[in-house]
Amino acid sequence: MWTTIAFVVLATLTSGQGRDWEYYMWGAALAEVDPAAEPSCVFARPDGGGLPLTHAYAPGGAIVDATLTLSLVTSDGDPLVGLPAEDVWLMSTGSGLAPCGWGCLPDGPSDENGQMVWREPLLAGGHTVGESLVIALAGTPMQREFDITVKTPDQDGDRLVNLTDITIFAQALGSYVESCDFNDDGTVNLSDLARFTGGIGRTCP
Ligand SMILES: [Ca+2]
Ligand SMILES: [Ca+2]
């Protein structure tokens, strides 16, 4: 568990426009994030049947790569290898994201380069319209916020896509609701409906 980690961490963050350095006191190392495209929109489902972050949407609907890469380096300058995925997770700045568990974990433990990535579809319900995403190290959110919006068919965030969500989505078909515009193209139409119906009955594993 993360409580076993006991060294000093500095965090470095990068963005598409340039690099922001953030020195972050955590348990252990220097952390660097490559957040990819911002702003962007990611489609997720509680069962993990959403889209990978490589298939995110920019405003207007163009496909962009929103893969997040976190690089961890120890205070000695060596890659922090083998940090369990469970020690680091993605969360929202508000209460809109309903992850399966306490947050959306990276795809695996830190590799030989000390890197962890979020590329696979997120396991989550809810939506983060109006919120941002942050990476939490051992439960403590880093300062850098990502302008990435997560949208899921589980509109009410109870981690199950059922009749309640169908009612919300049906209303969105007639009048635009941003949380139901899964491909961020500015309309809620058949393409969003297909994403929605594919999620009916789905819940966390
Ligand atoms: Ca629901
Ligand atoms: Ca749409």
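Biologist: How many helices and how many strands are there in the chain?
Modeller: This is a predicted model, so to speak of local features we need pLDDT of at least 70, side-chain atom pairs count only at pLDDT 80 or more, and totals for chains, interfaces and linings use all residues. Residues are numbered from 1 along each chain as its sequence is written, while chains are lettered from A and ligands numbered from 1 in the order in which they are written. Helices (H or I, at least four residues) and strands (E, at least two) are DSSP runs, numbered from the N terminus. Going by that, the chain has 2 helices and 14 strands.

Biologist: Are the residues of strand S4 buried or exposed?
Modeller: Buried takes 20 or more other C-beta atoms within 10 Å of a residue's own, exposed means 12 or fewer, partly exposed is in between, and C-beta atoms are placed from the backbone. In a regular strand, side chains alternate between the two faces of the sheet. In S4 (residues 40-43), Ser-40 and Val-42 sit on one side, Cys-41 and Phe-43 on the other, and all are buried.

Biologist: Which residue in S14 is the bridge partner of Cys-41?
Modeller: Strands pair if DSSP finds at least two bridges between them. S4 and S14 (residues 148-151) run parallel, joined by 4 bridges. In S14, Cys-41 bridges to Thr-149.
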